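User: I am new to this structure and would like a short walk through it. Could we begin with the way some of its helices pack?

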Amino acid sequence: MRPCRDLTQNRKPLLLIAGLSFGRRSDAKPETTFADRPRMLNARLHVKHGQVPGDLQEENMSAFKSDFLRIMSERGFIHQISDESGLDQLFAKETVSAYIGFDATAKSLHAGSLIQIMMLHWLQQTGHRPIALMGGGTTMIGDPSFKDEARKLLTPEDIEDNLVGIRRNFASYLKFGAGAGDAIMINNADWLMHINYVNFLRDVGRHFSVNRMLAFDSVKLRLDREQSLSFLEFNYMILQAYDFVELYKRLGCRLQMGGSDQWGNIVNGIDLGHRMEGVQLFAMTTPLLTTSSGAKMGKSASGAVWLDGDMLSPYEFWQYWRNTEDADVGRFLKLYTALPLDEVARLEKLGGSEINEAKKILATEITAMLHGREAAETASETARKTFEEGALADTLPSIEIGKSDLEAGIGILALFVSAGLAGSNGEARRHIQGGAVRINDQPLTDDRRVVTLQDLGPEGVVKLSLGKKKHVLVRPA
């Protein structure tokens, strides 16, 4: 094993490459996005125990011997890998356990987490063991990575409620069980909530240099902006590093994966594993994913694109992907579906109006993986009837309003908020003033309009529309 050089001995900030560092110029960008570097996905970092990476090395995308890394490379998942050849050899010779952590900050993950879930999916499909680490312990603190302010602290009861919902998000992508290749779901509260603080400082804390921690982007950017960083948040990277070591000891886990914003935290875990256990651990990250126009994945104009069908209907989920920008279709087909790459290449070549067919396939395949084929086909057919035939599809999203309330009359502003088409009366009013609102396909210009039973159509519903692509049916209860 190569001797480890202690990075803490070099007191000067270390300038690394590709905009990710243990310390870096204050004018450098915090991350590199897909949009910033569309053709540089085969450029990777090489980090061994305590070793500062050298120059970027351009390599052949098909050079991997292992199925998993070859698929990750061909489909565009890879941003950085530590010790690329060593990890490839490990995958080629044995079943590898790898994990991704998910903090429980909401009752569901959203579409921004799909790229990580798909990595675990492909890991299992190529014969390895995925570990979905639930952050029951780390959520008590909150990850400060590239956040402008501290997260709201959640109660243990809130966290447990959120974990129940998040566990359901994985059911369609991973097979859990007791077999060698079955996925494992584990909660870091199992060990973090029982740590003796003084012993933890002596056994783990002594391996961390505050100088180095202050130079990480997740900390440095907050301090450069003179934004408060609590001691609580400062400990997050130590706990995440300890998670990696604990998973190695419990489950033989050798690889941690995550988004590029987690690179520093993951490298901390590699170094801690070497210092505490004398083992070589590995890191792999994905690029920060944005749309071609720069929008963050997992968010829409109406809010988060939740993976839970009770929080966002399969139709609305399908519609989100149907509205993908033309330039993103091929990229998203590779990342978010299991379609063969030759089929993806064919769909990528479609132009003009034909690109819409590729978008429908994209939406249907992603929705099918999450909600099932039947739900995806129903969503697709609902969209076809609504947009191509102009028909009123019963499977459109709907809400129920008490019949007595409709008899008395409900203001259109309040009704739009209840339907989830606006976040407030003011937002609904702006939509009306902008000419984007229709009732039963008729334009609406009066924001004082009251909806009553008289507005029910032949089908017994009121159809509310925002623009051309968002529709909700109001049903009397």
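**Helix packing and a buried strand residue**

Analyst: Helix α13 (residues 329-336) packs with helix α15 (residues 355-371) at an angle of about 20 degrees, their axes lying 10 Å apart. Helices here are DSSP runs of H or I with at least four residues, and strands are runs of E with at least two, numbered from the N terminus. Axes are lines fitted to C-alpha atoms, for helices over the stretch in contact, and angles run from 0 to 180 degrees between N-to-C directions. This is a predicted model, in which local features need pLDDT of at least 70 and side-chain atom pairs count only at pLDDT 80 or more, while totals for chains, interfaces and linings use all residues. Residues are numbered from 1 along each chain as its sequence is written, and side-chain values use heavy atoms, with hydrogens and water left out.

User: Which residues make the contact of α13 with α15?

Analyst: On α13 they are Val329, Phe332, Leu333 and Tyr336, and on α15 they are Ile355, Ala358, Lys359, Leu362, Ile366 and Met369. Contact means heavy atoms within 4.5 Å.

User: And how does α13 pack with α14?

Analyst: α13 and helix α14 (residues 341-348) pack at an angle of about 160 degrees, with axes 9 Å apart. α13 is therefore roughly antiparallel to α14, a term for angles over 145 degrees. Here Gly330, Arg331, Leu333 and Lys334 in α13 meet Leu341, Val344, Leu347 and Glu348 in α14.

User: Changing topic: where does Val474 lie, and is Val474 buried or exposed?

Analyst: Val474 lies in strand β17 (residues 470-476). Val474 counts as buried because its relative accessibility is 0%. Buried means under 20% relative accessible area, with a 1.4 Å probe and protein chains only.

User: What is Val474 in contact with, apart from its neighbours within four places in sequence?

Analyst: Val474 is in contact with Ile399, Ile401, Leu415, Leu456, Gly460, Val461, Val462 and Leu464.

Notes: Angles under 35 degrees count as roughly parallel, over 145 as roughly antiparallel, 65 to 115 as roughly perpendicular and the rest as oblique. Buried means under 20% relative accessible area, exposed over 50%, partly exposed in between (1.4 Å probe, protein chains only).
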